Amino acid sequence: MPDKPLAYHITFGTYGCRLHGDPRGTVDRQHNQYLDPVIAENWDRELANQERLRFQRITLTSEQRLFIESITLEICQRGAWQLFAVAAAPDHGHVCLSGEADGKRIRTWFKRWLGERLSSRWTLQSGQTWWAEDGSVKWIFDEMNFKNVVKYIVDQKSTSMVD
């Protein structure tokens, strides 16, 4: 296996939209290794997490999702990353890109710069953020996986404009 991945598949959620206990399952610091089970549905845990939110959940509008998809290449150019695919949904985004930096560092900068651009058009409350903490970074080492990830993201994009 090569030392450097071909690309990274980065997934990031909007603030408050996928809390631990959610029926779709989630991952936390203790359940974040390959083949680890996801955190199962737990209504009490989800409710407790909802009560801890400092702000309302962020759900991206169609206009905001189109904006994200339209500026991602510019953000990738700023970071000197190569963009392969992007899709924005109401409660999360996907990007497949490559770059010299570690995937987690790229995710951090990508979310920061994307949030700054969104905030230049849509105002948030003081202290509010567009994104949930962290997100997922999957390293892609082989062509087959790379093609599957790009197809998956492109397929998400084609359905992401349905509200």
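Okay, let's start with strands E2 and E3: they run antiparallel, and 6 bridges join them, with E3 covering residues 92–98. One caution before I go on: what you see on the screen is a predicted model.

Now zoom out to the sheet. There are 4 strands, the sheet is open, and the order is E2-E3-E1-E4, with antiparallel pairing. Which strands stand at the edges? Those are E2, residues 82–88, and E4, residues 136–140; each has a single partner strand, so one side of each is left without a neighbour in the sheet. Going from one strand to the next, the twist averages 15°.

Next, what packs on that sheet? Helix H2, residues 62–79, does, and there it touches E2 and E3. The direction of H2 makes about 165° with that of E2. Then there's helix H3, residues 103–119, which also packs on the sheet, touching E1 (7–13), E3 and E4. Here the angle is about 45°, taken between the directions of H3 and E1.

And the two helices meet each other. As a reminder, two packed helices are described by the angle between their axes and the distance between the axes. For H2 and H3 the angle is about 130° and the axes are 10 Å apart. The crossing is right-handed.

Who makes the contact? On the H2 side we have Gln64, Phe67, Ile68, Ile71, Thr72, Glu74, Ile75, Cys76, Arg78 and Gly79. On the H3 side it's Phe110, Trp113, Leu114, Glu116, Arg117 and Leu118. Sorted by class, the contact has 9 nonpolar, 3 polar and 4 charged residues.

You'll find tryptophan 81 in the loop between H2 and E2. Is tryptophan 81 buried or exposed? Its relative accessible area is 10%, so tryptophan 81 counts as buried. Leaving aside residues up to four places away in sequence, tryptophan 81 touches Ile75, Cys76, Leu97, Ser98, Gly99, Ile106, Trp109, Phe110 and Trp113. Take glycine 99 from that list: glycine 99 and tryptophan 81 are 18 residues apart along the chain, yet their C-alpha atoms are separated by 4.5 Å.

Serine 98, also on that list, is in strand E3. With a relative accessible area of 13%, serine 98 is buried too. Its contacts, again not counting residues up to four places away in sequence, are Leu6, Ala7, Trp81, Gln82 and Phe84.

Now for threonine 108, over in helix H3. At 40% relative accessibility, threonine 108 counts as partly exposed. Threonine 108 and phenylalanine 12 are 96 residues apart in sequence, and C-alpha to C-alpha they are 9.9 Å apart in space.

Last, the whole chain. How many helices and strands are there? The protein chain has 4 helices and 4 strands, and reading along the sequence you get β-α-α-β-β-α-β-α. Of the 163 residues, 41% are buried. And if you take the contacts with a separation of 6 or more, 71% of them are between residues 24 or more positions apart.

Terms used. Residues are numbered from 1 along each chain as its sequence is written. This is a predicted model: local features need pLDDT of at least 70, side-chain atom pairs count only at pLDDT 80 or more; totals for chains, interfaces and linings use all residues. Side-chain values use heavy atoms; hydrogens and water are left out. Two strands pair if DSSP finds at least two bridges between them. Helices (H or I, at least four residues) and strands (E, at least two) are DSSP runs, numbered from the N terminus. Axes are lines fitted to C-alpha atoms, for helices over the stretch in contact, and angles run from 0 to 180 degrees between N-to-C directions. Contact means heavy atoms within 4.5 Å. A crossing is left-handed if the near helix is turned anticlockwise from the far one by less than a right angle, and right-handed if clockwise. Ala, Val, Leu, Ile, Met, Phe, Trp, Tyr, Cys and Pro count as nonpolar, Asp, Glu, Lys and Arg as charged, and the others, Gly among them, as polar. Buried means under 20% relative accessible area, exposed over 50%, partly exposed in between (1.4 Å probe, protein chains only).
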